[in-house]
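Hi,

Here's the structure I said I'd pass on.

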Amino acid sequence: MRVHSYFLLWAITLAACKSSLTTSVEPITYKGLEDDIVALSADSMLGRAPFTIGESRAVTYIEKRMKEIGLEPAFGNTYFQDVPMVSIITHLPTRVDIKINNGNLPLKVDEDICLWSPTTQPTVDINNAPLLFLGFGINAPEYRWNDFNGVDVKGKVIVVLVNDPGYYLLDSSLFTGYAMTYYGRWRYKFEEAERQGALGCIIVHEDGPAGYPWAVAGSKSNSPILYIDSKALDNPACLLNGWITHQAAVNLFAQCGYDYEQLKKKATTRDFKPITLNAAVSVNMRNGIERSVSKNVAGFIKGEEKPEEFIVYTAHWDHLGVGRSLNGDSIYNGASDNAAAVAWMLNIASAFKKAPAQPKRSVVFLSPTAEESGLFGSEFFVKNCPFNISKALACLNYDVVLFLGKFKDVTVTGYGHSNLDSLLRVVAQRHDRYIALDPNPENGMFYRSDQLPFLKAGVPAIFAKGYTHQAELGKEKTLEQIKNYWQNVYHKPCDEYDPKRDRLDGLVDDAVLFYEVGNILVNTGFVPKWNSRSEFIR
Ligand SMILES: [Zn+2]
């Protein structure tokens with residue numbers, strides 16, 4: 001088999017050049033990583049929010065470091081790429097009426113339903129648009145699943161379930177079972193509705209399969225939502241996006257003569273047929289529009305033999321800025337999210353630059369903007385790439401770092417998509433670390449950081465780190481620390497770096513590990529390949 005012979009070839013090459021891949025990589029040091037974290041998470045960076053003075057300070061710092069390291073600017077004569085964005089607030093009435101057989105079903109905005117209009121048109125009026133229950137709203141040829149098969153959704157608002165059929169049946173022969181696929185993400189549902197030409201798409205929210213409560217999903221009405229500013233927003237087919245609560249959906253379906261839970265069960269089978277609900281929605285929306293520009297920062301090292309082929313390291317620079325005060329602190333420093341990852345990337349860049357030989361393929365170092373608001377920087381980079389994106393071998397992304405010291409594991413988020421997992425395993429084993437799986441694959445974390453736009457462009461990616469098994473704490477106590485992190489530190493002002501409390505040994509190890517993985521990718525015959533069951537296969 002092709003894949004195996006490539007793998008063998010690579011294993012032999014790796015053995016042959018082992019001496020050049022020593023375990024200590026000289027320029028990657030505790031101090032080097034710490035200096036960058038301290039600088040990027042300082043209060044003076046004001047939490048690095050896009051469009052603020054914090055942005056200009058952060059991107060200027062990264063530019064200065066890229067120059068010092070000796071990277072070439074990725075965008076002609078500059079390290080900066082302007083990312084035009086538009087913020088749209090959809091103003092809604094307090095109530096949305098759904099016309100049903102024998103009257104009206106009023107839904108309270110925010111409490112029962114949350115809607116917005118993803119367009120720069122100043123006003124959008126939806127008049128009596130019929131509602132169609134379309135199961136999961138998924139078209140997945142590799143899983144032989146198409147909820148849109150033979151249905152005309154034009155002019156209709158589709159109502160769909162969150163997540164994918166595998167989750168509900170816990171059946172790994174359907175999609176990937178409990179683990180979420182990209183088809184389960186809200187982002188996918190709205191994208192597919194647009195591709196299919198539906199007038200609107202409303203997702204039924206449920207805590208378990210969504211992975212977050214209604215407070216998160218339902219907070220988007222009457223609040224600004226960011227988009228990449230493009231012509232596509234002038235006149236999309238899909239003019240209405242939104243969520244409806246589980247309770248409101250149960251009620252709506254009942255009023256139309258259907259049992260929601262029964263239809264949900266049917267939707268997990270291959271013979272499910274979409275149901276016209278005998279209900280229609282009318283809503284008038286007004287869009288407030290504001291345009292701004294933020295910046296991606298990127299530099300690269302040109303490959304000596306095949307410069308057009310490249311790998312890309314990614315670590316977003318943005319965070320949440322200055323916000324609501326918690327315990328007297330209003331600066332969201334984002335030390336672990338994601339100053340530490342930018343430090344990781346810069347120090348890997350320095351290792352490549354100081355290596356005795358120039359890499360055979362090119363190595364790109366990208367720090368995207370607006371990850372926190374929807375992966376916009378990386379999406380814009382992929383769609384407006386200064387390199388030929390079809391020649392990208394792999395994306396190595398890093399995000400959310402625990403400052404706990406050394407780890408025995410390398411936890412892989414999105415395990416099973418490509419043979420990059422095997423490469424990572426071999427390199428991890430050389431450092432006496434083992435591959436662990438994401439403890440919460442149902443959260444779809446693989447689709448929630450900057451590797452996603454690369455995956456969608458057909459570029460295999462690694463999203464991994466020391467995470468679930470701190471060397472001295474053991475697994476159980478590490479899981480407690482993880483829980484504590486997500487509850488008390490993540491996206492809070494106390495995500496700060498404290499040199500007395502925090503340990504960066506694990507970050508040093510991860511930087512060395514990813515340097516070696518990248519080194520193999522650019523210097524040997526290893527060819528990244530999709531696994532046949534990945535939804536991103538090309
Ligand atoms: Zn992050």
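Start with Trp344: leaving aside residues up to four places away in sequence, Trp344 touches Leu33, Ala315, Tyr398, Leu507, Asp510 and Ala511. Bear in mind that this is a predicted model.

Trp344 also turns up in the largest nonpolar core, a set of 154 residues in which Trp344 and Met345 touch the most other members. Helix H10 (residues 335-354) supplies the largest share of that core, with 13 residues. Domain 1 and domain 2 both contribute residues, so the core lies between them.

On those domains: the assignment gives domain 1 as 2-70 + 302-523 and domain 2 as 87-289. Their C-alpha centres are 34 Å apart. Where they meet, 11 residues come from domain 1 and 10 residues from domain 2. On the domain 1 side of that contact you'll find five nonpolar, four polar and two charged residues.

Now the chain as a whole. There are 15 helices and 21 strands. The radius of gyration is 24 Å, close to the 24 Å that the globule rule gives for 538 residues, so the chain is as compact as a globular protein of that length. Along the principal axes, the C-alpha atoms fill a box of roughly 75 × 55 × 45 Å.

Of the contacts with a separation of 6 or more, 81% join residues 24 or more positions apart.

Cheers

Methods: Residues numbered from 1 in each chain as written. Predicted model: local features only at pLDDT ≥ 70, side-chain atom pairs only at ≥ 80, totals over all residues. Helix = DSSP H or I, 4+ residues; strand = E, 2+ residues; numbered from the N terminus. Rg over C-alpha atoms; globule rule 2.2 N^0.38 Å. Contact = placed C-beta atoms within 7 Å. Core = buried A, V, L, I, M, F, W, Y, C linked by C-beta atoms within 7 Å. Buried ≥ 20, exposed ≤ 12 C-beta atoms within 10 Å, placed from the backbone. Domains from an automatic or database assignment. Nonpolar A, V, L, I, M, F, W, Y, C, P; charged D, E, K, R; others polar.
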